[in-house]
Amino acid sequence: MRVVHQCLADPAVARHDLLDRMAPAIEEVCTRIVASRQYRIPFYGEDFWDWASVVDAFCEVQTLSPTAERVARRELDQFRRTVHIRMPSGLSVGEPDQEWFGPAIATRAHRLLDTRMSGFDPDLRHELQSQALERIDRGRYRGRQVMPWQVSWHYGQVVGEFQRAASEQAAELADFAWLAVPLEPGKRALVLARILQGAAAVKDRRTVLQTLEELYRCETPGRPLGQGVIGASIEASLDVLEALWPQLDDRDKASISAMLEALRFLHAKAHTIGFVVETAEDIEGLIQAMGPGTLIEQRNAARAIIRHSCFHAVICLGRSMTEVASATSVAIDEHGARWIIMPGRAQPLGTILPQAGHGARFVGAGPGQLVIAAALAPFRIEIRLRDALSIAELPSPNDGGMIIPADPELCRLAHESAATMRDEIGVFFEGVTVTREDGGTEADISAAFPGALAADRTAYVTGMICLNRSVPCLVIQSLSGMTSPAAPTSHNTACRLAVKVAELLCRRW
């Protein structure tokens with residue numbers, strides 16, 4: 001979390017858009033870390049090195065995480081006080097099996113307090129530097145044994161922090177004899193990353209090149225990025241990134257920013273969001289709702305492919321039940337839509353009750369209001385449904401249809417989105433909507449599906465195809481009067497809500 005934030009916030013990269021999208025994930029990580037706080041020293045991790053790294057992470061991301069902002073100063077003060085008390089005996093927790101005790105511990109503490117603590121006590125600074133520069137003599141440091149392969153791990157960090165003052169340690173980084181000792185790839189890569197950090201800091205090009213050569217041997221290029229390319233370890237991959245980053249110039253970092261943008265676009269395209277609409281005006285309404293900067297990659301009378309700043313989308317048009325079936329299938333099968341959102345139109349099924357002195361009112365949703373479909377139901381559409389689904393190459397259900405529940409995650413996101421648009425939407429409803437043809441009155445539908453909120457002509461087909469393809473589906477409907485069409489403003493609100501759901505959805509990537 002800390003390293004990724006440092007890289008993306010670097011002025012030469014300045015991808016604050018990505019950081020903003022990552023903010024909820026960063027906040028979740030911070031919340032979990034705080035919940036894991038131990039009741040003994042070290043309060044986080046297994047040694048002072050871990051503890052310092054966690055506190056450093058809180059300080060780094062506190063502008064994005066309310067939890068980190070709340071605890072960063074407190075944790076930093078607690079760390080400083082503990083270091084001050086423990087310095088005479090060394091920063092050890094007394095657990096040889098779980099801590100890599102050595103000069104890197106004091107180095108990590110020095111780096112944290114030097115970069116994050118204003119008014120760093122000069123005496124504490126001097127003592128930490130003194131312990132950090134203390135040599136490992138014949139495999140021992142302050143009376144404790146240090147494994148041969150850990151020596152370079154410690155010295156790489158010491159040299160990276162103190163550079164010229166650690167010239168003797170820098171000379172030892174060029175000794176790769178420890179590689180002869182059998183060591184699992186993850187640990188080997190961790191040590192090499194720290195050698196790279198120290199050698200690069202003192203511009204020892206020969207050692208840098210040899211270290212990189214050894215790191216290449218630790219690579220598994222076929223592994224996904226999130227599973228550790230170097231040493232089959234995420235930690236090792238990030239340690240190498242942390243060591244390399246200060247050595248890159250602004251041009252290199254600008255190239256990385258371009259690579260990030262390409263990767264983001266490809267990832268968004270692999271997670272295309274499909275919108276199914278009923279009129280050409282709906283296509284325009286969705287594009288307008290996506291706002292400035294939206295790129296129309298392709299458009300014709302029945303389809304538009306959109307590159308939004310956050311996501312990739314396809315909008316498919318279908319006016320009738322059969323056309324909607326085809327549009328939904330095209331979005332999923334041809335364009336790889338991973339979710340389907342349908343901002344449609346419907347008529348309310350609420351009963352008008354007289355109310356003395358105040359005219360009529362609706363019990364339930366009324367004209368001009370929005371319904372988030374919690375479930376889709378069919379009413380006397382067996383023949384048309386069979387015809388429509390045969391076009392979409394989906395077998396018709398033998399029983400003539402069933403109630404299809406909406407995707408819970410998409411419904412949750414719709415609620416979150418509607419909460420951010422409260423002034424625009426006002427009251428909205430969630431419940432069953434029923435797809436029908438011309439037959440049957442509102443009373444007949446309400447009798448078949450008590451409590452249903454609205455009736456439409458196409459949504460059930462989209463829900464059935466999505467169910468068959470295991471694609472999450474969300475239907476948002478703007479309600480019209482019994483005889484009048486839905487007001488343009490009402491339906492534009494449905495389009496804006498659909499886009500807002502898509503924007504929240506893509507924040508999970």
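Residue A14 lies in the loop between α1 and α2, where helices (H or I, at least four residues) are DSSP runs numbered from the N terminus. Although A14 is not a glycine, its phi is positive, at about 50°. The structure is a predicted model, in which local features need pLDDT of at least 70 and side-chain atom pairs count only at pLDDT 80 or more, while totals for chains, interfaces and linings use all residues. Residues are numbered from 1 along each chain as its sequence is written, and side-chain values use heavy atoms, with hydrogens and water left out.

The loop between α2 (16-35) and α3 holds P42. A cis peptide bond, with omega of about 0°, joins P42 to I41.

Two helix pairs may now be considered. Helix α4 (residues 66-86) packs with α5 at an angle of about 130°, their axes lying 11 Å apart; axes are lines fitted to C-alpha atoms, for helices over the stretch in contact, and angles run from 0 to 180 degrees between N-to-C directions. The two helices α4 and α5 are therefore oblique to each other, the class left once angles under 35 degrees count as roughly parallel, over 145 as roughly antiparallel and 65 to 115 as roughly perpendicular. On the α4 side, R73, L76, F79 and R80 meet A109, L112, L113 and R116 of α5, contact meaning heavy atoms within 4.5 Å. This contact of α4 with α5 has five nonpolar, no polar and three charged residues. Here Ala, Val, Leu, Ile, Met, Phe, Trp, Tyr, Cys and Pro count as nonpolar, Asp, Glu, Lys and Arg as charged, and the others, Gly among them, as polar.

Helices α7 and α9 pack at an angle of about 30°, with axes 7 Å apart. They are therefore roughly parallel to each other. Among the residues in contact are W149, W153 and G160 of α7 and L190, R194 and Q197 of α9. By class, the contact of α7 with α9 comprises seven nonpolar, six polar and two charged residues.

The second largest pocket contains about 510 Å³ of space. A pocket is an open set of points on a 1 Å grid over the protein atoms alone, where a 1.4 Å probe fits, with protein on both sides within 12 Å along at least five of seven lines; lining residues have an atom within 4 Å of a point. Grid points are joined across faces, edges and corners, and the volume is the space filled by probe spheres set on the points. Of the 25 lining residues, R111, G160, Q197, E242 and P246 are the closest to the centre of this pocket. Helix α5 gives the largest share of the lining, five residues.
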